[in-house]
Amino acid sequence: MLKDKKVVILGDRDGVPGPAIEECVKTAGADVVFSVTECFV
Amino acid sequence: MSFAVVKAASYTLAHTPDFIPFGSTPTTAKARNDQEYFDALKKGLRSFDELVNYPPNQCYIGNITPEQLGEIAQPWYKDAAAAERTGRYGDIMPQVEFYALLKAADAFDLVALTPEFIEQANPALAAHPLLKRYTLDASKGMAAANMHAMLEEHKAEPLNMNGELVGIVKQAHDEDENLSAHIMLENLTVKATGVHAALCLEAQGVDLSEVDYIIECSEEACGDINQRGGGNFAKAIGEMIGCVSATGSDLRGFCAAPAHSLIHAAALVKGGAFKNVLVVAGGAVAKLGMNSREHLAKDMPVLEDSLAGFAFLISENDGVSPIVNTDIIGRLNVGAGSSPQAVTSALVSEPLKAVGRTIPEICRYSVEMQNPEITKPAGAGDVPEANYKMIAALAVKEGQLERAQLMDFVKKHGMQGFALTQGHIPSGVPYLGHGRDAIMNGEINSFMVVGKGSLFLGRMTNLFDGISTVVEKNPGVQGGHGESAGFDKDEARRLVAKAMQDVAARLTESEE
């Protein structure tokens with residue numbers, strides 16, 4: 001589903017942070033164009 | 001060396017509806033001329049009584065436990081039972097007292113109040129058991145007309161009461177933005193709310209003159225153009241509350257700073273450098289009304305209408321109070337991974353494993369204790385519950401818990417979030433008071449304090465931070481609280497005699 005797709009990642013410090021999502025989507029062949037972790041509290 | 005103990009903890013709030021426009025969300029709305037937001041904001045404000053009666057606030061100041069809070073039906077902001085402004089751990093002060101305290105905290109004549117307001121504030125100070133030591137001089141008041149002139153020149157920020165101007169905070173320098181009126185307002189707020197929290201320890205019997213070190217751990221920075229963030233809030237607060245024997249410093253680490261401070265304080269005491277370390281933090285102006293847009297959109301009142309503070313005293317082992325077991329310190333090292341599993345392992349399971357203990361052996365976990373009624377409408381979910389689920393899942397993965405017991409673990413080892421979304425305020429330490437009491441009453445044996453901080457917000461690193469430790473029953477307590485085992489002289493004599501016998505035997509052998 002994510003193969004060769006450009007992906008923008010918005011991670012959550014108290015959920016799943018950006019780098020963790022990044023590692024997952026890369027294994028599915030996605031091209032991560034932007035990744036960030038934010039704090040929502 | 002003996003572990004340090006948690007001697008006392010205090011928690012306070014200051015109702016500041018007229019300060020909400022200084023928050024980050026309202027400031028952004030102002031820049032966009034969003035009048036619709038401000039019209040809704042005005043209608044969404046709570047009265048002082050509504051703030052006091054709000055069950056999470058009653059939990060924060062110690063009148064109900066987190067367990068009791070969990071039994072109260074939500075929404076908590078509707079039809080709350082009448083309650084007291086003073087609790088076992090602290091006090092909720094109205095805006096008039098807060099403004100008066102802001103002036104009392106002002107060492108550079110930056111806060112000006114109208115003579116009429118001072119006349120109104122002095123009786124309020126005099127009636128407060130802890131604030132009666134401060135009296136404002138009405139002869140030094142400033143006329144409102146002069147204040148308006150300074151506001152028009154952008155040399156001051158307004159102090160309003162129900163929209164009416166009663167005072168200003170002036171800039172401390174003409175050109176230095178680090179000493180602007182807004183920064184001075186934020187910093188004096190930290191000082192005043194920190195003072196309020198620390199004084200509430202005195203109400204619990206703490207002699208503040210015996211404090212010998214102070215750590216301040218909020219999220220603001222005071223300093224001028226040459227040393228922005230130089231500090232030192234700790235000594236400024238200590239000066240105002242009679243900590244004459246103390247020195248101190250500020251510790252910063254975003255929301256994780258209070259948990260870092262707990263460990264620093266415990267280490268300073270355990271290492272013998274200091275005997276009584278006061279950890280204190282004031283409130284964050286920027287976070288007032290932070291989620292108000294979402295609350296108002298859902299016809300809720302503005303729940304972030306107050307400033308919070310806390311203080312706790314870490315002292316030498318008295319044989320009774322719960323110890324800070326610094327043999328157990330979870331840490332998110334620079335090289336640690338950032339996946340939820342890696343973070344929870346580093347902060348929870350690994351430090352326990354290192355001392356041969358398991359996750360379910362710790363009775364309670366005090367994590368990010370944000371009030372879910374504030375965070376859920378804003379889309380951030382129930383933060384404490386998410387943390388508990390992660391800890392439980394890790395316990396399952398490590399074979400310490402059956403999968404079917406996961407939600408039971410959340411219920412038994414977790415608790416309801418009850419703290420205001422003021423950054424450092426909800427992180428790990430809101431349970432120190434309740435947890436201390438629960439241990440002293442024999443209801444639990446231990447709890448883990450877990451603090452997390454979003455370092456990436458400073459744009460210096462993508463890392464985030466976390467640190468944890470365990471507070472537990474003092475092994476000096478035998479058969480109930482209040483009874484110390486003390487030093488067993490007979491056992492010591494036997495050990496010394498045995499050692500001397502061994503030495504004598506070895507000497508005899510070597511002579512032979």
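Biologist: Which residues does B:Phe312 touch, not counting residues up to four places away in sequence?

Modeller: This is a predicted model. Contact here takes C-beta atoms within 7 Å. By that test, B:Phe312 touches B:Val6, B:Ala8, B:Ala9, B:Val279, B:Val429 and B:Leu432.

Biologist: How many residues does α11(B) give to the side of domain 1 of chain B that touches domain 2 of chain B?

Modeller: Chain B is divided into domain 1 (5-315) and domain 2 (333-472). In domain 1, 46 residues are in contact with 37 residues of domain 2. By class, the domain 1 side has 29 nonpolar, 11 polar and six charged residues. The largest share of that side comes from α11(B), and it is six residues.

Biologist: Why does the span of helix α7 of chain B agree with its 13 residues?

Modeller: Helix α7 covers residues 115-127. At 1.5 Å a residue, it should span 18 Å. That agrees because its end C-alpha atoms are apart by 19 Å.

Biologist: What do the buried residues of α7(B) pack against?

Modeller: The buried residues are B:Phe117, B:Ile118, B:Ala121 and B:Leu125. In an α-helix, residues three or four places apart point the same way. The buried residues of α7(B) pack against α6 (95-104), β3 (111-113) and β5 (164-170) of chain B.

Methods: Residues numbered from 1 in each chain as written. Chains lettered and ligands numbered in written order. Predicted model: local features only at pLDDT ≥ 70, side-chain atom pairs only at ≥ 80, totals over all residues. Domains from an automatic or database assignment. Contact = placed C-beta atoms within 7 Å. Helix = DSSP H or I, 4+ residues; strand = E, 2+ residues; numbered from the N terminus. Nonpolar A, V, L, I, M, F, W, Y, C, P; charged D, E, K, R; others polar. Expected span 1.5 Å × (residues − 1). Buried ≥ 20, exposed ≤ 12 C-beta atoms within 10 Å, placed from the backbone.
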